[in-house]
Amino acid sequence: MNGSNRPTVVRTPAELAETTADLLDRRPGTPRGERRPTLGFVPTMGALHDGHAALVRAARKNNDVVVASIFVNPLQFGERTDLQRYPRQLDQDLELLASCGAEVVFAPSETVMYPDGPPLVSLNSGALGEKFEGAARPGHFDGMLTVVAKLLHLTAPTVDAGFKCYFGQKDAQQLALIRRMVRDLDFPAEIVTVPTVRTADGLALSSRNRFLTSAEEEAALVLSRALRLLEGRAERNEPLDLDSAVALVTSQPLVELDYFEVVHPSTLEPLAFNCRQTPFTGEALALIAAKVGTVRLIDNAPLGS
């Protein structure tokens, strides 16, 4: 930490590499023949909340050096107005990151990340990125993978050290795509999943929640209630009866359901079984998305794991 007890903010890849290498070299137990140090990385777009804090705390618990990034990635936004609307609150974010133990924050400008404008070469999320959230936000996952790939390259230790990257279970489709990218393209990074953080009432934390009215926030709780219904049935090896869970959501007039599916946790392919009659065994993932007022919310629940 620097003298102000805030993370050191770096703006360029060169500053990032120099700062992290210096911190890793100075960690106890790193001389030749002793324990290999590790760097934990948490990529974000800012507007941080307790869900991001959980990621940083998990990284702090298990790594010698913790780096977070704050970059609002234009490639992930379909409309410029959405990009401009996204909250920017660097000072507030730095306070949260300091309280969780992040030592370095990489906060590059758009020019630093994309010096020649939008990249001519980018990643394609394939069929996995075209369904669910990809269908609602065409191109979103291509932009997400492109920036995550760049950030993994830029943040990877330049000295001999392990590299762990932390993502939340809440964005399950994003997580599945990142895991597949790391496996397919042989990134030297371990992807660590952190469970979804919720309010006391069960609403999954999201930077979008700030746009909900009090009535809409109350209505949005039906999403987690429906997921808990399926979780309970899965734990008891009962038929999931997805139709009744869907009916629970659609009974809330302020909620407009987009999708509610039970899928394979890695491929996100729908599972072929009778949700009303077949006792549930094995593992699956329940995915849900809905519009509450003007706000699109997503949530999910691992089943049987």
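Which residues line the largest cavity? I began with this question, keeping in mind that I am reading a predicted model.

**Entry 1, the cavity.** I looked up the lining of the largest cavity and found K170, L203, A204, S206, N209, L223, L297, I298 and D299. For the volume of this largest cavity I noted about 50 Å³, and I recorded that the count of cavities of 30 Å³ or more comes to one. When I asked which element gives the largest share of the lining, the entry was strand β9, residues 295-303, with three residues. Sorting the lining of the largest cavity by class, I wrote down five nonpolar residues, two polar ones and two charged ones.

I then turned to the second largest pocket, for which I have a volume of about 390 Å³. Its lining is made up of 20 residues, and those that lie nearest the centre of the pocket are A176, R179, P265, S266 and T267. I checked which elements give two or more residues to this lining, and they are α8 (172-185) and β8 (284-292). Helix α8 has the largest share of the lining of the second largest pocket, with six residues. By class, I counted nine nonpolar, five polar and six charged residues in that lining.

Where does Q169 sit? I placed Q169 in the loop between β5 (162-168) and α8. Is Q169 buried or exposed? I have Q169 down as buried, because its relative accessibility is 14%, and the cut-off for buried is under 20%. Leaving aside the neighbours within four places in sequence, I listed the contacts of Q169 as L175, T193, V194, P195, T196, L285, N300 and P302.

Last, I went to helix α1, which runs over residues 13-25 and has 13 residues. From its first C-alpha to its last, α1 reaches 18 Å, and I noted that this is close to the 18 Å expected at 1.5 Å a residue. Which residues of α1 are buried? My list for α1 reads L16, T19, T20, A21, L23 and L24. I also looked up what these buried residues pack against, and the elements are the strands β1 (8-10), β2 (38-44), β3 (65-70) and β4 (104-106), together with helix α7 (140-155).

Methods. Residues are numbered from 1 along each chain as its sequence is written. This is a predicted model: local features need pLDDT of at least 70, side-chain atom pairs count only at pLDDT 80 or more; totals for chains, interfaces and linings use all residues. Side-chain values use heavy atoms; hydrogens and water are left out. Helices (H or I, at least four residues) and strands (E, at least two) are DSSP runs, numbered from the N terminus. The expected span of a helix is 1.5 Å times one less than its number of residues. Buried means under 20% relative accessible area, exposed over 50%, partly exposed in between (1.4 Å probe, protein chains only). Contact means heavy atoms within 4.5 Å. On a 1 Å grid over the protein atoms alone, a cavity is a set of points where a 1.4 Å probe fits but cannot get out, and a pocket is an open set with protein on both sides within 12 Å along at least five of seven lines; lining residues have an atom within 4 Å of a point. Grid points are joined across faces, edges and corners, and a volume is the space filled by probe spheres set on the points. Ala, Val, Leu, Ile, Met, Phe, Trp, Tyr, Cys and Pro count as nonpolar, Asp, Glu, Lys and Arg as charged, and the others, Gly among them, as polar.
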